[in-house]
Amino acid sequence: MKKLTTEKLAEILSHGSGIDGTWYIEEMKGYFKAVNFYHCMDENGFYDGYADFSLIIPKSNPTNFRLHFHGQTSQYKNKRYMLREYLEDTFYYDLRKYSLP
């Protein structure tokens with residue numbers, strides 16, 4: 001298993017396709033906390049605000065992360081645009097080579 005660092009996370013976590021902010025990553029004792037936002041787009045192709053989220057990424061098994069949306073607006077955007085499944089799949093793909101075999 002490869003060693004995960006804050007620098008490596010900043011490099012491998014997805015950017016673009018709605019994940020438009022700069023990653024803020026903090027290392028804790030047993031996990032990393034990574035914070036960003038998703039730039040939502042409506043059915044007509046217009047931007048429709050942001051959904052703030054964070055990932056809690058365990059050092060022992062990074063694909064066992066938890067995704068949290070912050071605040072009522074972000075919760076609403078998550079439900080309206082079905083973000084949870086999309087983001088979880090995206091970050092699982094990003095982190096899979098740093099997980100247990």
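Is Ser17 buried or exposed? Select Ser17 and take a look: at 60% relative accessibility, Ser17 counts as exposed (exposed means over 50% relative accessible area, buried under 20%, and partly exposed in between, with a 1.4 Å probe and protein chains only).

Before going on, a word about what is on your screen. This is a predicted model, where local features need pLDDT of at least 70, side-chain atom pairs count only at pLDDT 80 or more, and totals for chains, interfaces and linings use all residues. Residues are numbered from 1 along each chain as its sequence is written, and side-chain values use heavy atoms, with hydrogens and water left out.

**Stop 1: around Ser17**

Stay with Ser17 and show the backbone. Ser17 sits in the loop between α1 (6-12) and β1 (24-27). Those labels come from DSSP runs, numbered from the N terminus: helices are H or I with at least four residues, strands are E with at least two. Ser17 isn't a glycine, yet its phi is positive, about 50°.

**Stop 2: the sheet**

Now colour the strands. You'll find an open sheet of four, in the order β1-β2-β3-β4, with antiparallel pairing (two strands pair if DSSP finds at least two bridges between them). β1 and β4 (66-69) are at the edges with a single partner strand each, so one side of each has no neighbour in the sheet. From one strand to the next, the twist averages 25°. Angles here run from 0 to 180 degrees between N-to-C directions, and axes are lines fitted to C-alpha atoms, for helices over the stretch in contact.

Next, select β2 (31-41) together with β3 (residues 47-58). These two run antiparallel and are joined by ten bridges. For one end of the pairing to zoom in on, pick Tyr31, whose bridge partner in β3 is Pro58. Then follow the hairpin that β2 and β3 form: five residues lie between them, and Gly45 in the turn has a positive phi of about 85°.

Move across to β3 and β4. They pair in the antiparallel sense over four bridges. Select Ser54 and you'll see His68 of β4 standing opposite; select Phe53 and its bridge partner in β4 is Phe69.

**Stop 3: helix α2**

Which residues of α2 are buried? Select Ser74, Lys77, Asn78 and Tyr81: these are the ones. They cover an arc of only 105° around the axis, which puts them on the same side of α2 (the arc is that of the directions from the helix axis to the C-beta atoms).

What do the buried residues of α2 pack against? They pack against β2, β3, β4 and α3, where contact means heavy atoms within 4.5 Å. The helix itself lies across β2, β3 and β4, running at about 100° to β3.

**Stop 4: Met82**

Step just past α2 to Met82, which takes a positive phi of about 50° although it is not a glycine. Met82 is in the loop between α2 (71-81) and α3 (83-95). With a relative accessible area of 65%, Met82 is exposed.

**Stop 5: helix α3**

Select α3, which also lies across β2, β3 and β4, here running at about 140° to β4. Inside this helix, pick Asp94. Asp94 is buried yet has no salt bridge (that would be a side-chain nitrogen of Lys or Arg within 4 Å of a carboxyl oxygen of Asp or Glu). The nearest side chain of opposite charge, Arg96, is 6.3 Å away; Lys and Arg count as positive and Asp and Glu as negative, while His and the chain ends are not counted. Finish by showing what Asp94 touches: leaving out residues up to four places away in sequence, that's Ile12, Leu13 and Ser14.
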